[in-house]
Amino acid sequence: MAAVTTSTERSLNRLAIVGVLIVTMIFLAPIYWIASTAFKPRNLSTTIPPTVVFTPEVSPFVKLFTKRSQLRTPPTPEEYAAAPWWERMVFDGGEKVVRDGKGNVQWSGYPSRFMNSLIVAIVSTILAVGMGTLTAYGFSRFKVKGEGDLLFFILSTRMLPPVVVAIPMFLMYRAVGLNDTHLGLIILYTAFNLSFSVWLMKGFMDEIPKEYEEAALVDGYTRMQAFFKVVLPEAATGIAATAVFCFITAWNEYAFALIMTNRRAQTAPPFIPSQVGSGLPDWTVIAAGTLLFLLPVAIFTFLLRNHLLRGVTFGAIRK
Amino acid sequence: MTSIELRDVQKFFGAVQVIKDMNLKIADGEFIVLLGQSGCGKTTTLRAIAGLETIDRGDILIDGQPVQNLKCSDRDIAMVFQSFSLYPHMTVFENIAFPLRATRMSKADTDNRVREIAKVLRINDLLDKRPSALSGGDMQRVAIGRALVRRPKAMLMDEPIGALDAKLREEMRAEIKRLHVKQGSTTIYVTHDQIEAMSLADRIVIMHEGRLQQVGSPTEVYARPSNLFVAQFVGSPVMNIAPAEVKSSKDSAEVGLGGGQNFGFPSALISQLDAARSRSGQLALGIRPEGVLVSREEKKGYLPVEIHLIEPLGSYDIVDLKVGEQLLRARTRSGYVERTGDKVYARIDPEQTHFFDTASGNSLGVRL
């Protein structure tokens with residue numbers, strides 16, 4: 001249905017679009033900054049005013065993934081000529097790629113930190129959303145004694161800045177040997193996200209009419225089957241939204257990752273800035289690491305975008 | 001062959017008793033309508049039979065077997081909800097096939113059964129659509145299809161057409177009747193709409209405040225209401241109820257409705273009324289609008305009354321007559337009385353008159 005618009009409304013609409021564009025640009029500016037820095041030559045990364053036009057290069061990414069050391073003496077022309085293209089980039093930056101005794105290239109710490117981030121974020125998201133969905137279903141459908149108090153208790157875990165408990169958590173983790181383990185971080189992030197997941201999912205569960213399950217029950221299914229066959233598909237939108245939020249929280253978490261891990265289970269957020277400290281900071285490498293770090297969240301959100309849209313389930317219940 | 005029986009069923013929600021001593025026997029193939037206002041316990045009764053509510057006392061028997069402790073999936077009963085409750089993430093076909101999948105029926109058999117029932121319900125061309133793409137009537141057909149496809153022991157319907165508009169409701173009513181005649185399954189149908197109840201039911205069960213008021217065929221319930229509640233709930237326009245004063249002489253009797261004017265009644269009623277009166281105090285007279293006879297000319301036994309209001313309803317008019325301080329609603333031929341304020345003559349047809357004990361509300365059973 002085309003609504004009638006007046007000329008004032010039209011100009012207001014145009015103004016609104018301009019406003020939206022400005023806000024979008026403000027939000028995208030840091031991302032542009034990171035992305036452009038990730039492809040800059042090192043000497044252009046800290047110029048004032050910032051360099052906008054430059055020839056992009058991939059040397060920051062090569063440096064990101066390789067272990068390097070400072071060159072005492074420049075490479076001989078033979079050495080330089082024999083090196084593959086990416087190694088020359090490292091030479092050009094006054095560094096060399098570290099190789100082991102057999103001549104194999106040594107990886108930097110980044111890939112393993114990235115994998116750690118993926119493992120911790122994915123597993124903790126699955127756990128938080130899974131448990132949150134079941135808990136929310138229970139609260140939404142059954143009479144739970146002290147429901148209000150319990151829900152408040154669950155929420156109360158969010159009422160203080162998490163870092164407040166960092167020291168006691170660190171001591172407890174050290175005592176039980178969870179320091180610097182994937183499991184430790186997974187438990188921590190699951191616990192953080194659970195309250196959020198329960199509350200968000202409860203809202204979604206409450207909105208799913210209980211007639212659906214009742215229909216499934218009289219259609220000959222058990223409650224468990226009804227939950228999986230009817231409630232879960234209906235809750236897909238809510239589950240997707242909750243999963244995105246939980247994933248982002250776990251993925252971006254910095255403080256606990258910094259305190260609780262140092263090598264084996266360290267995630268990318270505390271690792272990336274640690275690169276600042278060795279020698280002169282190479283901002284291009286940090287930018288490259290940050291840019292790659294942004295991708296999984298963007299991909300994850302993009303994959304779930306259909307489920308994030310409301311209205312898929314509209315109109316099958318008459319009220 | 002399915003019979004259903006409720007024995008002394010009681011149900012509480014907290015301190016509130018929503019079903020009180022419910023006793024009911026439903027024969028195989030019968031179409032029973034539970035009729036009552038919202039909150040009278042009819043839906044709770046239905047849900048208890050389905051197994052969606054537990055009962056606190058009593059027995060629910062299906063084919064003589066107590067089922068009150070069985071899960072709903074084990075009772076083999078189908079239900080159609082007011083909201084239809086079609087699964088939005090499934091197509092019409094999948095919706096109808098859903099109960100069959102629970103029984104792990106083979107793919108070919110499922111396919112056959114779904115198409116068979118879709119044909120009966122005339123929804124074969126909708127099978128690939130999603131519920132959100134259907135009209136209200138089609139949604140309801142799908143919901144009925146989903147209920148029937150399993151060939152359940154009994155069908156329960158909770159105001160299945162309450163959400164539809166008036167015209168569609170009439171159409172679907174006829175369709176439900178047609179289906180019942182064809183399938184012959186024992187059906188319990190809940191509604192607050194008495195027209196729906198009258199037109200569909202083999203027997204109507206009228207409930208009020210959790211208590212069963214009367215069970216009987218539509219004609220029986222209409223013609224012989226067992227108490228004031230039933231009398232006023234069944235029938236449209238509503239039955240006239242007025243406090244009555246009975247004065248008897250040797251060979252005639254008069255019933256006054258206040259205001260000094262008395263309607264004459266045959267003396268045959270007197271002895272019955274006298275006997276009934278000795279048991280109870282105050283009487284109430286009930287007469288349906290078609291039992292109030294109106295005449296433009298003065299006739300024997302007719303009292304002069306004033307026309308207070310005329311409601312033309314097309315095929316007939318409903319006329320409010322002022323009798324003393326009482327208003328009596330009468331049903332007349334359309335256009336028979338012309339203006340409000342006119343004087344006409346009216347009498348109460350003794351054969352259609354009901355007498356109730358005001359205190360208990362029960363019918364005295366006094367009939368000519």
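**Exercise 1.** Decide whether A:Glu214 is buried or exposed, and find which residue is its salt-bridge partner.

*Solution.* In this predicted model, A:Glu214 has a relative accessible area of 8%, and because the cut-off for a buried residue is under 20%, A:Glu214 counts as buried. The next step is to look for its partner, which is B:Arg47, with the closest N and O atoms 2.6 Å apart. A:Glu214 belongs to helix α9 of chain A and B:Arg47 to helix α1 (residues 42–50) of chain B, so this pair joins two chains. Finally, B:Arg47 is itself buried, with a relative accessible area of 12%.

**Exercise 2.** Work out which parts of chain A are tied together by the salt bridge between A:Lys63 and A:Asp282.

*Solution.* Begin with the distance from N to O, which is 3.4 Å for these two side chains.

**Exercise 3.** Describe the charged side chains of chain B, beginning with their numbers and ending with a network.

*Solution.* Counting gives 48 positive and 46 negative side chains in chain B, and the centres of these two sets lie 3 Å apart. Side chains of opposite charge can pair when their charged atoms come close. In chain B, a network of salt bridges links B:Arg122, B:Asp138, B:Arg141, B:Glu171, B:Glu175 and B:Arg178.

Conventions:
Residues are numbered from 1 along each chain as its sequence is written. Chains are lettered from A and ligands numbered from 1 in the order in which they are written. This is a predicted model: local features need pLDDT of at least 70, side-chain atom pairs count only at pLDDT 80 or more; totals for chains, interfaces and linings use all residues. Side-chain values use heavy atoms; hydrogens and water are left out. Lys and Arg count as positive and Asp and Glu as negative; His and the chain ends are not counted. The place of a charge is taken as NZ of Lys, CZ of Arg, CG of Asp or CD of Glu. A salt bridge is a side-chain nitrogen of Lys or Arg within 4 Å of a carboxyl oxygen of Asp or Glu. Helices (H or I, at least four residues) and strands (E, at least two) are DSSP runs, numbered from the N terminus. Buried means under 20% relative accessible area, exposed over 50%, partly exposed in between (1.4 Å probe, protein chains only).
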